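Please open the model in a viewer and keep the sequence at hand.

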Amino acid sequence: MTSASLASRLRVPSGPLFFPVTAYGPDGSLDLETFRAHVRGGIEAGAAAVFACCGTGEFHALTPEEFQECVAVAVDETAGRVPVVAGAGYGTALAVRYARLAEEAGADGLLAMPPYLVVAEQEGLVRHYTELAAATSLDVIVYQRDNAVLTPETVVELARADGIIGFKDGLGDMDLMQRTVSAVRAEVSGDFLYFNGLPTAELTGLAYRGIGVTLYSSAVFCFAPDIALAFHRAFNAGTPEGDALVNRLVDGFYRPFVELRALGRGYAVSLVKAGVRLGGLDVGPVRPPLHEPAGEHVKRLAELVAQGRELLGTAHPGAGA
């Protein structure tokens, strides 16, 4: 953990926000050395932060002990160069347990995943996230998706709470997101961070940028860091030339990738993991209940990565590590 605030380190990132996959060995157990290599490769490729054991990292499939081991490896490998944010989820008691394990492992912050299974009223969600934020010294980013959909009034209340610094949207309701950003801007003093958290956030990046949301998670960075970094630089340049490259990559790589991802349930994780293996790092398969992508879909992914690099004028292999 570093002394600089997490919010200040994430506000204007120097590169993509990296959500590494979790590596498993042939027997299905954690492969921490391969995970370390994957984290190292992402940092060397230009990641601005490591979000360990979150959705792409199969948070749902890890025991608390495995979770803490992975977070500790990420913290050790980053060595303070970039912040490490760890996932935390399930019911409030378990979310607090994961939060404390992350704090012990040296993480800089938490990404609060939706509560397990239940569909709660807004007052219950407020209590859940505020109790989680109060449980440790770590700053918290609240993740909206699935069964955790928040009203603008709820986000205002959370933005006022100690320890909650940001809001990640995995829902994609642009009307709701605009009203949320507006309400917080009008009601809360100080900066509050927003993240586009859709499964392939680059596809909707320009739409989110239109309402002032420029931070986003990049699963593509796991397996094609050169493409993701080029997109990030062009997107943040905000110039006609930059936006032209963004649109070329959306048309020629990101949209076809999203269409491929939609061919299988769980592909937002398993297809990404297959992409890392295509890059030369054997991170193993996904754990059940997720399943491996079909062979023809992996072949198509390899073709898409090559196609993306052609758009950049490069032909070198990506650093899946």
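The stops below cover aromatic rings, charges over rings, and a pocket.

This is a predicted model, in which local features need pLDDT of at least 70 and side-chain atom pairs count only at pLDDT 80 or more, while totals for chains, interfaces and linings use all residues. Residues are numbered from 1 along each chain as its sequence is written, and side-chain values use heavy atoms, with hydrogens and water left out.

**Aromatic rings.** Select Tyr216 and Phe231, an edge-to-face aromatic pair with 6.1 Å centre to centre and 85° between the planes. Rings of Phe, Tyr and Trp (its six-membered ring) pair if their centres lie within 6.5 Å; planes under 30 degrees apart count as stacked, over 60 as edge-to-face and the rest as tilted. Tyr216 belongs to strand 8 (residues 215–218) and Phe231 to helix 9 (residues 225–237), so the pair ties together parts 15 residues apart in sequence. Helices (H or I, at least four residues) and strands (E, at least two) are DSSP runs, numbered from the N terminus. Both Tyr216 and Phe231 are buried (under 20% relative accessible area, 1.4 Å probe, protein chains only).

**Charges over rings.** Select Arg209, whose charged end sits over the ring of Phe235, 5.3 Å from its centre. Then move to Lys168, which lies over the face of Tyr143 at 4.3 Å from the ring centre. The criterion is NZ of Lys or CZ of Arg within 6 Å of the ring centre and within 35 degrees of the ring normal.

**A pocket lining.** Finally, select helix 7 (174–187) and strand 7 (193–196), each of which supplies at least two residues of the lining of the second largest pocket.

Technical notes. Buried means under 20% relative accessible area, exposed over 50%, partly exposed in between (1.4 Å probe, protein chains only).
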